[in-house]
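I open this notebook page with the structure in view and go through what I looked up, one item at a time.

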Amino acid sequence: FKLFNTTLKAVVSTQSTGQRLGGTVIQLSPSESSLLKGESVEDTVRNIQGYCDIMVMRHPEPGKVKHSARYVTKPLINGGDGVGEHPTQALLDVFTIREEIGTVNGITVTMVGDLKHGRTVHSLARLLTLYNVKLQYVSPPELRMPEEITKYVAEKGIKQDVFSDLHGAMPTTDVLYVTRIQKERFPSPEAYEKDSYLITPETLIKAKSGMIVMHPLPRVNEICVEIDADPRAAYFRQAENGVYIRMALLAMLLGKC
């Protein structure tokens with residue numbers, strides 16, 4: 001396996017996945033590659049495929065992983081491409097919903113936070129169009145879900161609602177999917193504090209007893225640590241599910257199942 005990544009959580013997750021399947025994971029970061037010498041990404045992946053059976057690549061530029069896949073014959077998994085997509089996260093998210101609630105059909109999924117730059121919600125919204133769901137979006141006006149995504153979802157016949165705060169969305173929510181809002185997305189610290197969507201025990205007072213709270217992690221302060229003890233807090237179980245889903249994906253791509 002060859003991993004092109006720079007985040008600790010993703011690195012550990014992929015290493016755990018590969019090692020549990022009996023493989024060896026080789027970590028490659030841009031600072032250690034020939035990219036610093038001016039080598040193109042296309043040439044880099046061409047070279048790397050000769051040293052491995054499968055590759056996982058993360059890149060800050062949307063669409064770059066898909067573009068790079070055209071230059072290789074080995075399987076290349078998108079581990080996240082900037083503000084674009086994160087397909088494997090969406091797979092583990094849907095698996096988590098099914099494990100926690102029992103079904104993905106007939107539910108309302110509320111996505112809250114930075115929906116504009118959050119690649120996880122972009123992929124999840126697209127994947128959920130395969131099911132009978134309703135989507136609700138809660139975010140600051142400047143961080144709303146991109147029109148490209150909402151148009152795609154609408155074309156699939158999925159109902160969507162937009163809320164300015166959580167109060168109106170919570171009573172009907174079955175899955176609360178929280179994303180991190182970064183301070184740098186706001187013009188001032190005051191604007192960040194005003195528009196941050198903090199999930200507290202009080203937030204869940206009007207929530208369903210059988211709903212769940214999810215988060216792709218890492219979190220900063222968008223979910224209070226007091227929520228961790230609530231059985232509806234599914235985000236750490238969600239993270240663990242990522243190992244099983246990625247193990248299944250690797251095994252399938254390698255013809256082991």
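I looked up Tyr235 and noted that, because its relative accessibility is 1%, it counts as buried, where buried means under 20% relative accessible area, exposed over 50% and partly exposed in between, with a 1.4 Å probe and protein chains only. The model is a predicted one, in which local features need pLDDT of at least 70 and side-chain atom pairs count only at pLDDT 80 or more, while totals for chains, interfaces and linings use all residues. Residues are numbered from 1 along each chain as its sequence is written, and side-chain values use heavy atoms, with hydrogens and water left out.

I then searched for aromatic pairs (ring centres of Phe, Tyr or the six-membered ring of Trp within 6.5 Å; planes under 30 degrees apart are stacked, over 60 edge-to-face, the rest tilted), and the count came to one.

Next I turned to helix α4 (residues 87-101) and helix α8 (residues 235-253), whose axes come within 8 Å and cross at roughly 115°; the axes are lines fitted to C-alpha atoms over the stretch in contact, with angles from 0 to 180 degrees between N-to-C directions. In the contact (heavy atoms within 4.5 Å), I listed residues including Leu91 and Phe95 of α4 and Ile245 and Leu249 of α8.

Last, I checked helix α1 (residues 8-20), where 13 residues at 1.5 Å a residue should span 18 Å, and the end C-alpha atoms are 18 Å apart, which agrees. After α1 comes Gly22, with a positive phi near 85°.

Definitions and conventions. Helix = DSSP H or I, 4+ residues; strand = E, 2+ residues; numbered from the N terminus. Expected span 1.5 Å × (residues − 1).
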